Structure formats: structure tokens, C-alpha cells
Amino acid sequence: MLYLVRHGRTAANAQGRLQGRLDQPLDDVGQRQAAAMAAHVRSVSAGIEEVWCSSMLRASQTAAHYGVAPTVDDRWIEVDFGIYDGRPIREMPQSVWTSWREDADFAPEGGESFRSVAARVNEACSELLARSADRDIVVVSHMMPIKTAVAWALETPLAIMFHTQLSQGALCRIGIGAYGPTLHSFNETIPLP
């Protein structure tokens, strides 16, 4: 099973800002989310054999809760929002959201397109899914790469990302079935004490 875990909350998340390549640590809530989800995954897994994460601090701090030294793989890094990194989401021009929804090749100034994200995430998914047929693998990543992985598993257009909600610290499970990747769960969250 491939367990895709979104990192816990950061100050930028709490403030409603696009985080992209901003390298912020988890806040107190984020640390609690990471610990709770790691405990949940360990309780439902047959045994976590590998942990992968992006090089972003928020991902590596979340990955540290799994007790397995993570392998850093920046195919799982968040989309680069370019000039919009750090900006409040509510201040984003509607034209930018429209461009992203309608054109997978659109990239903001200094940023990255969703097609570029899909190329790297799909490659990583193909490699890890084959390995996860007989072992449990955790990948700690970010909202857009995980949504891209779900689109890959479901063989849907990337626009599905705009029709799904993925919470901080949430879990998605992808397994391998007779016909390839199978989505087992999406946006599982754990109530915090």
C-alpha cells in the first residue's frame, strides 16, 4: 500500500497563504497532526518499510514521526507558485486560477505548470506503486503532488484537483489491483486531542 500523507500545518497554512516553495516548519498544530497521523498509519499498516518525502522542512518534520529514515525525493515537492508564493490565497487574481484550471501548461512568472508537476509525480508513483505491491510505503508530500497522484491513480484529467479538498495532515491510500492503481481512501483525517 502507498500511504500519501500531506504534511502538517505551518504558519503559512494557518494564515491562508500559498506556500509552494516557502520552506516553513510545522507549527504546534502541525506537529500534533503529524504525530496523530503517523500513529494512525502505524496502526493500520502491516509495517512501514519505506518513508519518502520532499526536501521541504514541513515534509521532513512530518516524515520524522514514522520512525524510518526518509528518502528525500523532490519529485514530491510542492508546485512552485512563482511570484505568488507566500501570497494570501484570497488575493490571487481570478484569472490565474482560471488559467490553471483551463490550461495544464500554464505557469505563473517564476513558477511551474501542473503538467510539469504531473510528469514528475506520475513517474514517482509508477516506481513506488510497483514497490508497494508487497510492502507499505509512506510518502510525505504536499497538496498538489498528492492530488496529482490521485488523478494519476484514477486516470482523470488534472482538473480534478480543483474539485477535491485535501486537509493538512491528511492521508490518501493507493494500492495496486488487477487493473493497476486503485484509490482506497482520500482525505482521511485524525481528530486531534
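## A buried aspartate

At 10% relative accessibility, Asp73 falls under the 20% cut-off and therefore counts as buried. You can find Asp73 in the loop that connects strand 3 with helix 4 (94-102). Leaving aside residues up to four places away in sequence, Asp73 touches Trp52, Cys53 and Ser54. Keep in mind as you explore that this is a predicted model.

## The whole chain

Now step back to the protein chain as a whole. Its secondary structure comes to six helices and six strands. The C-alpha trace spans about 45 × 40 × 25 Å along its principal axes.

How does the radius of gyration of the protein chain fit with that of a compact globule? For 193 residues, a compact globule would come out near 16 Å, and the protein chain has 16 Å, so the two agree. Of these 193 residues, 51% count as buried. The accessible surface comes to about 8400 Å², and carbon and sulfur atoms hold 51% of that surface. Among contacts with a separation of 6 or more, 66% are between residues 24 or more positions apart.

The six strands form an open sheet in the order 3-2-4-1-5-6, and the pairing is mixed. Strand 3 (71-72) and strand 6 stand at the edges with a single partner strand each, so one side of each has no neighbour in the sheet.

Helix 2 (residues 28-44) lies across several strands: strand 1, strand 2 (48-53), strand 4, strand 5 and strand 6. Relative to strand 5, helix 2 runs at about 25°.

## Strand 1 and its partners

Which strands pair with strand 1, and in which sense? With strand 4, strand 1 runs parallel, and five bridges join the two. With strand 5, the pairing is antiparallel and extends over four bridges.

Individual residues let you trace these pairings in the structure. Val5 has Val140 of strand 4 as its bridge partner. On the strand 5 side, Leu4 is bridged to Cys172, and Tyr3 stands opposite Arg173.

Are the residues of strand 1 buried or exposed? Five of its five residues are buried, so the strand is mostly covered. Leu2, Leu4 and Arg6 point one way, while Tyr3 and Val5 point the other way. Both groups are buried, and Arg6 is one of those residues.

Helix 6 covers residues 143-154. Its twelve residues, at 1.5 Å a residue, should span 16 Å, and the C-alpha atoms at its ends are 17 Å apart, which agrees.

An α-helix has 3.6 residues a turn, so residues three or four places apart point the same way.

Methods
Residues numbered from 1 in each chain as written. Predicted model: local features only at pLDDT ≥ 70, side-chain atom pairs only at ≥ 80, totals over all residues. Heavy atoms only, no water. Expected span 1.5 Å × (residues − 1). Pairing = 2+ DSSP bridges. Contact = heavy atoms within 4.5 Å. Axes fitted to C-alpha atoms, helices over the stretch in contact; angles between N-to-C directions. Rg over C-alpha atoms; globule rule 2.2 N^0.38 Å. Buried < 20%, exposed > 50% of the residue type's maximum accessible area, 1.4 Å probe, protein only. Areas by Shrake-Rupley, 256 points an atom, 1.4 Å probe, with all protein chains shown as cover.
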